[in-house]
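Subject: Structure handover

Dear colleague,

Here is the structure I said I would pass on. My notes on it follow below.

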Amino acid sequence: MGGAPRRPAATAYVPSALLLLAVLFVGRAAALGDCPTALHRHAAFFDRDGDGVVTLSETYGAFRALGFGFGVSTFSAAFINGALGSKCRPENATSSNLDIYIENIQKGKHGSDTGSYDTEGRFVPEKFEEIFAKHAKTVPDALTSDEVDQLLQANRQPGDYKGW
């Protein structure tokens, strides 16, 4: 039996992506005076060169800057740009279908979300706080991965498969 005592398993906490991104890009977004809403400022964090368009490589770079590894960053960039690129694309755009145009980011809002942003891209603090009031059972200002899963399940609207 001897040997070193076993250490308890660390509990993995998943901080809210909205809160994490908000904290990390506040200074960057403040320099972007032309961002009319909180959702535009949120998307501007990913626009690494400040041209108003978030490319696949910029989304990947932003996830790496947040400390995510190669796999998560690659998957997230492909998923996010794949889902939002065509929705946020102006009719006269000539760039990649995977490019996200920040000026139209509110068009990417989907069903089954938390409601933390309204349909025009304005931040709704009451809805954001509601996430923690309802789902943060382990720690009041963070969500465990199980709590994130419960949040996603609770927000599912019937038949909204894309929003899920």
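I start with His135, which, leaving aside neighbours within four places in sequence, is in contact with Leu143, Glu147, Gln150, Leu151 and Ala154; contact means heavy atoms within 4.5 Å. His135 sits in helix H5 and is buried, with a relative accessible area of 10%. Buried means under 20% relative accessible area, exposed over 50%, and partly exposed in between, using a 1.4 Å probe and protein chains only.

Before the rest, some housekeeping. This is a predicted model, in which local features need pLDDT of at least 70 and side-chain atom pairs count only at pLDDT 80 or more, while totals for chains, interfaces and linings use all residues. Residues are numbered from 1 along each chain as its sequence is written, and side-chain values use heavy atoms, with hydrogens and water left out.

Overall fold

The protein chain has six helices and four strands, in the order β-α-α-β-α-α-β-α-β-α along the sequence. Helices (H or I, at least four residues) and strands (E, at least two) are DSSP runs, numbered from the N terminus. Of the 164 residues in the protein chain, 36% count as buried. Among its contacts between residues at least 6 apart in sequence, 40% join residues at least 24 apart.

The UniProt record, an unreviewed entry, places the feature "domain: EF-hand" at residues 46-69. UniProt positions are in the numbering used here, feature names are shortened, and annotations may be inferred rather than shown by experiment. In the model, residues 46-69 are 42% helix and 8% strand, with the end C-alpha atoms 16 Å apart.

Aromatic pairs

Rings of Phe, Tyr and Trp (its six-membered ring) pair if their centres lie within 6.5 Å; planes under 30 degrees apart count as stacked, over 60 as edge-to-face and the rest as tilted. By this rule there are five aromatic pairs. One of them is Phe45 with Phe46, edge-to-face at 5.3 Å centre to centre and 85° between the planes. Phe46 also pairs with Phe63: the centres are 5.8 Å apart and the planes are at 40°, so this pair is tilted. The pair links distant parts of the chain, with Phe46 in the loop between helix H2 (38-44) and strand S2 (53-54) and Phe63 in helix H3 (residues 56-65), 17 residues apart. Both Phe46 and Phe63 are buried, and Phe45 is buried too, at 6% relative accessible area. Ring pairs link Phe45, Phe46, Phe63 and Phe68 into a cluster.

Charged residues

How many salt bridges does a search of the whole structure find? It finds one, a salt bridge being a side-chain nitrogen of Lys or Arg within 4 Å of a carboxyl oxygen of Asp or Glu. It joins Lys134 and Glu130, whose closest N and O atoms are 3.4 Å apart. The two are four residues apart in helix H5 (residues 125-135), so about one helical turn separates them. Glu130 is partly exposed, at 30% relative accessible area.

Arg89 lies in the loop between helix H4 (70-84) and strand S3 (100-101). Arg89 is buried yet has no salt bridge; Asp99, the nearest side chain of opposite charge, is 5.7 Å away. For charge, Lys and Arg count as positive and Asp and Glu as negative, while His and the chain ends are not counted. The Arg89 side chain does reach the backbone oxygen of Ser96 at 2.9 Å, and a polar contact of 3.3 Å joins the side chains of Arg89 and Asn97. A polar contact is a pair of N or O atoms within 3.5 Å; within protein, one must be able to donate a hydrogen and the other to accept it, and residues adjacent in sequence count only if both atoms are side-chain atoms.

Regards
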